[in-house]
Amino acid sequence: MTPDTAVQRILAVSSAPAGTEYRALDGVRILLVEDTDDTREVLAFALEHCAAIVTTASSAAEALEAFRRDRPQILVTDLAMPHHDGYWLLREVRALASATAIPAVALTAFTEHYSRDQVMAAGFDAFIPKPIDPTDLCRALRQVLRSSR
């Protein structure tokens, strides 16, 4: 999906009547970690149009600081990032006593390197391969949040 197509899908979601399934992320605090600027912007835009409150980070280290500061309700992170990857971030987040119950979702374009089973065994609650459809992302996060309650 191209960025333009993604934006068109997001705008369709945002113009849906209030009370539709897309409002299910209404007020949910999400920490989105993605090292690619364009991808991070499109995903944040999608989540905001699903009524979420989004904090973004471009690295795992930056995300850990944001996590401690903002206490999000869900962590959405790319796996393949320079310096520290999504696995490192999840271990660090899970080491925080108050963060053990916070759901975590892994994103990756490298499905040949990361399998769903491997990701789930590492402690993630969901695995979403890229490219990500904005509507599917909102639905998946809503499902993860429902499952974690």
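**A strand residue and an aromatic pair**

Thr108 sits in strand β4. Before going further, note that this is a predicted model.

Is Thr108 buried or exposed? Its relative accessible area is 0%, and the cut-off for buried is under 20%, so Thr108 counts as buried. Leaving aside residues up to four places away in sequence, Thr108 touches Asp78, Leu79, Tyr114, Phe127, Ile128, Pro129 and Lys130. Its side chain also reaches the backbone nitrogen of Phe110, at 3.0 Å.

Now to the aromatic rings. How many aromatic pairs does the structure hold? The count is one. The partners are Tyr87 and Phe124, with ring centres 6.0 Å apart and planes at 75 degrees, so the pair is edge-to-face. These two residues come from distant parts of the chain, 37 residues apart: Tyr87 belongs to helix α4, residues 86-95, while Phe124 lies in the loop between α5 (116-121) and β5 (126-129). Tyr87 and Phe124 are both buried.

Staying with α4, which of its residues are buried? They are Gly86, Tyr87, Trp88, Leu89, Leu90 and Val93. Among the elements that cover them are β1 (29-33), α3 (60-70), β3 (74-78), β4 (104-108) and α5. Strand β4 is where we started, with Thr108.

Last, the N-terminal end of α4. Asp85 caps that end, with a side-chain oxygen 3.1 Å from the backbone nitrogen of Tyr87.

Note on methods: Residues numbered from 1 in each chain as written. Predicted model: local features only at pLDDT ≥ 70, side-chain atom pairs only at ≥ 80, totals over all residues. Heavy atoms only, no water. Phe/Tyr/Trp six-rings, centres within 6.5 Å; stacked < 30°, edge-to-face > 60°. Helix = DSSP H or I, 4+ residues; strand = E, 2+ residues; numbered from the N terminus. Buried < 20%, exposed > 50% of the residue type's maximum accessible area, 1.4 Å probe, protein only. Contact = heavy atoms within 4.5 Å. Polar contact = N/O pair within 3.5 Å; in protein donor to acceptor, adjacent residues only side chain to side chain.
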